[in-house]
Amino acid sequence: METLAPPVVAVIVTCDPGPWFAETLRAFAAQEYPELSVLVLDAGSAEDPTAVVAAELPGAFVRLLGVNRGFGASANEALTMVEGASYFLFCHDDVAPAPDAVHLLVEESYRSNAGVVAPKLVSWDDPERLLHVGMAVDKGGAVVDRVEPGEVDHGQHDAVRDVFLAPGGCTLVRADLFAELGGFDPDIFAMGEDLDLCWRAQIAGARVLVAPQARVRHLEVLASGRRPLPDSVLVDLPVGHDCGSTHDRPTGLVEADVAPADHVDPDPVPADSVPADAAVAVPAGSSAVILQSLQRRHELHVVLKSYGRFHLSRVLPQLIALASAEYGIARASGHGDRAAAVAHAWRWNFVRRRAIRSERVEVRAHRLLDDAEVRRLQLHGSARLNAYLRRAVNQGLKAAHLGAESDVGEGEAARDSAHRRRIRADAVSLRVVAWAVAVVVLVFGTRQLLGSGFPYVGQLLPMPSAGTLLHRFLSGWQPTGVGTTDPTSPATGILGVAGMVLFGGVGLLQKIVVLGCVPAGALGMARLVRPVGSRHARLVSTLVYLALPLPYDALATGRWDALLAYAASPWVVGFLARASRFAPFGPLGADDAPPGAALSANGDGATGERATTDVTTAALRDVGPDLPVSVTADGAVASGHDGRRPRWRTTLAGQMLGLGVLEALLTSVAPSGALLVLVTATGLALGSIVTGGRGARRSAVRILATALGATAVAVVLLMPWSAALLAGPDRWQALTGLATGASSAPGWGAILRFSLGPIGDSPLSWAFLASAGLPLVIGSRWRLAWAGRAWVMALVAWVMAWAAGHDWLGPVTPSPQVLLAPAAVAVALGVGLGVVSFESDLPGYRFGWRQVATVMAAVAAAIAVLPVLFASSNGRWDLPLSGYGEATSWMSTHSRAGDFRVLWLGDPRVLPGGGWQLAPGLAYSISENGLGDATEMWPGSSPGAAAAIGAGVGRARRGSTVDLGRILAPYGIRYVVVVDNLAPSIPGFQSPLGFGPPADLDAALLAQLDLRQIIGQGGFEVFVDDAALPERAVLVRGQEPTPTVSPVGTDSALTGWRPILGAPPGATKATGRVPAGTVLVAVAPSRSWEMVERGGRVQRSERIFGYAASFDVAHPGTVTVRFRGSWVHGLEVAVEVVLWVAVGCLLVGRRRSLSRVWSRVRRRHGGRPRPAAAPEPEPVPGPTAGDAGAVSGTATDDAGVVTGAVPT
Amino acid sequence: MTDAVRRAVLVVGVLAVLVGIAVAGGGNDGGAVGGPGAGGLSSSGSPTRVPTAGAETSAWFCAGATGAGGDAQPVMLLTNPTRWTVTGMVTTVSSVGAPTPTPVTVPARTEIAVAPAPGITGGSVASTVVLRGGGVGVTEVVSGPLGFSAAPCASTTASHWYFADASTVQGDTLSLSLFNPTGTVAVVDVSFVSSTGLVAPPAYQGIDVPGDSMVVENVGDHVQNDPDLATAVTALSGQVVAAELESAGPAGSGGPSDVLGATTPSTTWSFAQNTDVATGGTVFHVFNPSTATARVTVKIGLQQGAAEPLVMRVPAGSVSTLDTRQLTRIPGDTPFAVTFVAGGGVGIVVDRHVSSPAGAPAPETGDVAGVAGGAVRWLLPSEYPPSTGVSAFAVVDLNPAPVTVRLSVLSQAGLVPVPGFGSRRIRPGAPLIIGAGPGLALGTVPSELVASGPVAVEADAMPVGSPGVVVSPALALP
């Protein structure tokens, strides 16, 4: 019957079609369009498809081309074969148009006067899933899809509209336009012929439309890797030649999204309707790489031939720049395939530059619209760059480098897999980006400290050599003060060993142990928050902890102890939290599973998988002796009842030991660290009681018991140093800290903002508190309880820090910076719990103020980061550029006149090294021949003989003496340095923080008649005592001086001494020639020193000046003065080393034997497991609760024993 | 505990603690570093406070004297109220020779007079008295053709010194002694406040005073013909002792004044005994070296009753005078005590210029610094050379309540209550004049006065003319 419908010829290009081809043919046979003819062009199939065509679509025409020249070149045959057609419908052999599809396409073409019309392409197997609804293109030819992978068709794209690209597969083209354009570009075998045709069509003035009402199913056999490309195509591609041919566009946002080998779904699911054997054995990854290469080179080809000169001159440099950047990034990130594809694209087109030139002539001949008109239809900017940045932000750099979030495969399963991977990539990439930013900020903010040594500020004194450290640890004599045989901190030995491990690089060691505190603290925070089960919470908590000003202020003020407290606090809180056994740090029942655990339950490797293991492992590891639960290496959980043994480290004793070791390490370097543990435990225990709940009191007791037990362990490990420190109240100073001046104590605001230095003194820093308060108002159950515990812990720490700063704690006055560390942990934990509450609790509330509070908390957390971010620009966290090392370097040159000592006076916050307290806000320390070294952080348990020096200063302050120099002279103190500032103040260069000593000190020193001030500005003062004796001196016999007149009369004891026996600071032996006379060795204790004279005669010392050693040398000659060690000290050191090694062995490794012993002991004592502090039951919130395959393996029996297994 | 209860407890508790401590600590936040500032003079910082008896060593610094033949030849009175003999060294530096050390021994509970520079002729001298021990007070008495004057020596060096009054009018000579007994070089700025305002002579800026040396400036060389001149000495580095020696008028109508400066402004200054005698005069000079106007209340205590206090406003950096002869509220020829109290924490410095009636014995005029603050124990030297004894002690009660005072003399047997004195009760602000009388011998032995509350004490050589011409503040004991 004659119709008025324009004739349409469907041109189906096929090559070795699969079983789907029959369905394709049937679909065409079912078309309602009356004037449809079908032309099947077979491009060199191994098997003639004529029979199939004849069977399914008898009216179709078949032409065997004999060779596969690609889709475009094959389709061009229609130009010569067909006459009288109004439209060509170019189709792949794996499409199935709906019965009305052709009709709708033609209708829309007429209605819109379009030259090219594309249908809505949907999934072959699941027609509800969209593949393409037209596509967009940027100025570089990069194609951007308008639908998301796997997007379900709800009619959301059903409006007819102009598009730049009608994707291949099924495209209606007006026949006259096709003829005018000369058909497809025969140079494009696959991947890009549609782009080329559409671009040229628009240059020729034709509209390109998408008519979504026309639906076409598409199998995309090429993109799924089922169809190989011929070797002729692969010959110059940068991949192996294992493909066949054809021409589907892969599903993806841009063509660059075609995944490389390492990102392709390893198990592409074939279409249900397609037999497995239909797929050609082409590695999907290789296929994807090939398609990517093809697409890249063809898009460049299209660009080069389609733009006019003007626009090409503008676009081309941009493309070169982008390609170079992409190449470089791909190379740097190890994605060689991607880099090769970029290079291949340019090389391939460069080789064809003459052909391109002629093609440009042809395009120019058809041009009706200039490029400006055409470009209006293009995307702005670079689609590829945008996609890269978007992925970098949303998914991480790795995903961005991969450039893939699409599957090459198709089908629902594949899309689900892609979706899951994207979820996982989202989480991973967000973390990676956040961590990367944090690392960059840290490195950027610390950049000036990485390459150079620390200025000698506060406790950042020069580190002695590793040998010296070990010598001091082993010798039994410390040069602190004027010498003491009190034990030294084990930190001396630990650092000495570490220095040896670093081949003597003590500078590097100092960098590691100082700068490493910040990442160590962050790592501890990340581990602390891990059991809450939310990776976002973990991330946010860690970032908040990093963004608090506390560590940077500690660094800026040279407070190593505060840095160590910052590093250790999260770990300490972790130990105590596990000891509390409160969920999620304690045992978890199914009802208590944090959201991450439920999320992870898919067991398919999605986001929560690792979290599940983390949560459960952490939870089960910490249940303690009452719950004999073990977690095996493969993640299985077992109880003592099923014959498996508990890991003893999870017991309370194990926790005590672990925390004890941590406390010992912390205390050995920062003695007030012991208080830190106790304050933290007190806060947490109090928080447990305040928040209440079942077993709260028992948990509080466990927390305190763990802290006390750990402290006991630390005391044992730190023997004999700890014994010396605890010997009496006068020796507790090192543990309790040095009182600072109450008048310059930090205010409440500074305490709450963690701003005890130059950083963070901004109102923005308050915002963290606001953010940490979120879980108190939106959290519920364990989240609310832990938020309460954290807040109480923070309050305790804040109050203690504030009280310590104001000298309200009596003799216990640790540095507020140290005490603030638990509060910092609490605030960071609070913010993290806010995130968990946001994820778990907020959805349960109706919209209202809680949502607003959440947004405000998020904004607060974001802006609170700014002060630290700004401070990072300094490059050294405001640490002064120059310390007292430089300012007093001239002193060492004066040792030619005999070794001497320097008395340092000042507020403990600015005094270099450590010291002993004289009064609140005033401490003193003593060094040799200039500035001391890092061991002065641990001045010993008591000043010993140097106490007389402090007493003399005290008398001077009280006005009880006017000749302090006479008091100091026998101790070899030639210089008295009073520090007002953290570092010397140099106008225009640095203005460090200042904490001046009590006002009367300066006046008292100036009033001394035998001290002479030689430096009185720059933030420090130096007085010289001209009468000071050398550290080692001789009073030559027969040359005794005439008594001289001092301000208070005649005095001969301090005159006539000549320097002898020069030696490095801290040396325990000095050898040299001395005249006959009285030899003074101004070190204590005198009884520990001896002199070896010529002939080996050993002479014991006599006491002189009440503390020092003196020897009578009868004849001139070479003598050696040396320290006489004690075997007792050797034994002490040996025991100490053995203890450390033993404890290390207990903690390292799995210690199965201990676990067995522990289990046996429990059985012997009838240890029926007691239920732990049972958390209140809680339904798992959120949509993940009911996920199939949830962590159902974790359950709690009546005894509270966790049974089952955790999927891994 | 339900979540709602728990939440309420936590939120309220956290807020309560935060607010509570913020309120409790608010007063302490941002507190300034304590120091001697403008608020009252701490007794320990007083330059005339006797070091504690338990001190290992102590020192006194006496400046403002001249060598032999000069207008103010010094004698130092070393008064030892302790039970131990104290030895030491007096080292005298002069502008014309090397330092001269002189060993001294001060027996327990005695007083010795040391002429530090018998061999030094001309020029200015200053002495450092260093003692092996504390508890000993040192007062310097200078004498010359114009008469004599007495002032405590300084027991400390300081960075700041203030003088409320001096005169450079024709016939008056004003010498400013800057004595540096320490080993540290001192750099000193000197400025004046005159009737025309602040004067800072360039020559007096950055004066180098080497250690163990003295620089004496004739102020009249740069600030001429000014009858009321206040002085401020500031050591930019190091510390010094500053004293002014003023020789007023010709012999027969003038007198020397050896005045030790104040190291810090104080809010309370007392003058225990003042008497407006006919044709004589008593003028107080109130120097406000601070940057804020001082509102000064002048409390006048009479032996019988009290006069209405008056209020002075002393602008910043200025000197105001108060001539008591013009105050009708004070009866003539009647002893009265005056206490200056500056409000608002603004520190001031006050001294007094007294002139005798015509025809009185020399000296006819004298300046004396007031007593800053108060103390409960005072050391009173005995005899003023040349052979002029102390005629009276004057005590004023600075307590808002009555106090009881006891007077003892130093003797080998210890502190012996003065026969016939017993204890006296003083009304707040009222003066107590302890003069020689039957059974009460003054001026022959050193004494110690103990009060039940803070009082201010001065010793007056009244027979020289009218009360207050030659007065020395007593030495506060710790």
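Visitor: Which residue has its charged end over the ring of W124(A)?
Guide: Happy to show you, keeping in mind that this is a predicted model. Look above the ring of W124(A): a charged end sits 4.6 Å from the ring centre. A charge counts as over a ring only if it is within 6 Å of the centre and within 35 degrees of the ring normal. The residue is R217(A).

Visitor: Are the rings of W748(A) and W802(A) stacked or edge-to-face?
Guide: Their centres are 6.2 Å apart, and their planes stand at 85°. Planes over 60 degrees apart count as edge-to-face. The pair is therefore edge-to-face.

Visitor: Is W748(A) buried or exposed?
Guide: W748(A) belongs to helix α32 of chain A, and its partner W802(A) to helix α35, 54 residues apart. The relative accessibility of W748(A) is 4%, and buried means under 20%. So W748(A) counts as buried.

Visitor: What is the area buried between chain B and chain A?
Guide: Here 39 residues of chain B are in contact with 52 residues of chain A. The size of an interface is often given as the accessible area lost when the parts come together. Carbon and sulfur atoms give 59% of that area. The total is about 3,600 Å².

Visitor: Which residue of chain A meets E56(B) in a salt bridge?
Guide: The rule finds two salt bridges across the interface of chain B and chain A. In one of them, E56(B) is joined with an N to O distance of 2.7 Å, and the cut-off is 4 Å. The partner is R955(A).

Key:
Residues numbered from 1 in each chain as written. Chains lettered and ligands numbered in written order. Predicted model: local features only at pLDDT ≥ 70, side-chain atom pairs only at ≥ 80, totals over all residues. Heavy atoms only, no water. Phe/Tyr/Trp six-rings, centres within 6.5 Å; stacked < 30°, edge-to-face > 60°. Helix = DSSP H or I, 4+ residues; strand = E, 2+ residues; numbered from the N terminus. Buried < 20%, exposed > 50% of the residue type's maximum accessible area, 1.4 Å probe, protein only. Contact = heavy atoms within 4.5 Å. Buried area = accessible area lost by both parts, 1.4 Å probe. Salt bridge = Lys/Arg side-chain N within 4 Å of Asp/Glu carboxyl O.
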